[in-house]
Amino acid sequence: ESLMVVERTLGAVLALSGAPAEGAEICERAMSRARETDLWLASALTNVAYATSSIDPARAVEASVEAIAESERVGSKYYLGSAWAGLGLASLNLGNVEEGCRAYAESLTHMLDSGARQSVILSISRLSDALLSESPAAAIALSAGAAKLQPGPGTDGTWLEARYARTRARVGVALDDRVFADAWDYGTTLSVDSMVILARETVDETFAAALP
């Protein structure tokens with residue numbers, strides 16, 4: 001069990017530090033150990049998903065789907081939220097914007113219920129990027145709200161300034177300065193709970209036409 005936990009953590013760190021192939025291999029090994037003992041399997045699967053998202057997103061989707069089922073089996077909202085976020089990231093890397101946004105939206109409530117506030121903020125930040133061309137005003141607000149609550153290099157100790165410049169550049173001439181500024185300023189007033197509500201409503205409204 002101890003070796004599996006070390007491998008699971010090391011693999012994820014390596015994958016996020018620029019060595020995804022090596023990290024993914026270690027995460028897969030940790031997952032095999034977890035499967036043999038039925039311990040920490042949901043977490044190990046989710047780490048596989050994150051480790052493989054950039055190099056093999058189809059594998060990441062597969063691991064995330066199993067992680068969701070395993071998290072439901074053990075009744076863990078924390079793991080369930082992480083697994084849905086893993087599916088969101090993998091789906092976006094495959095170019096499936098709707099599936100990715102819906103998965104991230106699903107992750108938020110589980111994360112919030114489990115008290116994983118920083119995980120909620122990170123998922124909202126990633127979701128806002130995916131929604132920028134689909135629903136720009138809401139995406140800008142979500143981006144601002146998440147950046148304000150993430151520790152970073154700005155003069156106020158957050159990512160707010162860097163995120164503003166990046167988001168404004170991505171939007172370009174699609175929105176005039178006043179509309180952008182209003183959406184951004186609104187976002188900086190939002191609580192985590194309010195951002196979750198806005199994110200879920202935006203995803204539902206944006207992709208409503210795709211529902212049967």
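**Nonpolar cores and a helix pair**

Q: Which residues touch the most other members of the largest nonpolar core?
A: Of its 36 residues, Ile124, Leu127, Leu131 and Ile140 do so; such a core is a set of buried (under 20% relative accessible area, 1.4 Å probe, protein chains only) Ala, Val, Leu, Ile, Met, Phe, Trp, Tyr and Cys residues joined through side-chain atoms within 4.5 Å. The model is predicted, with local features needing pLDDT of at least 70 and side-chain atom pairs pLDDT 80 or more, while totals for chains, interfaces and linings use all residues. Residues are numbered from 1 along each chain, and side-chain values use heavy atoms, without hydrogens and water.

Q: What makes up the largest share of this core?
A: Helix 8 supplies eight residues, the largest share. Helices 5, 6, 7, 8, 9, 10 and 11 each supply at least two, a helix being a DSSP run (H or I) of at least four residues, numbered from the N terminus.

Q: Which residues is Leu131 in contact with, leaving aside neighbours within four places in sequence?
A: They are Cys101, Pro136, Ala139, Leu142, Thr202, Val203, Thr206 and Phe207, contact meaning heavy atoms within 4.5 Å.

Q: Why are helix 3 and helix 4 called roughly antiparallel?
A: Helix 3 (residues 41-52) and helix 4 (residues 57-74) pack at about 160°, with axes 8 Å apart; the angle runs from 0 to 180 degrees between N-to-C directions, and axes are lines fitted to C-alpha atoms over the stretch in contact. Angles over 145 degrees count as roughly antiparallel, and the pair is therefore described in that way.

Note on methods: Parallel < 35°, antiparallel > 145°, perpendicular 65-115°, else oblique. Buried < 20%, exposed > 50% of the residue type's maximum accessible area, 1.4 Å probe, protein only.
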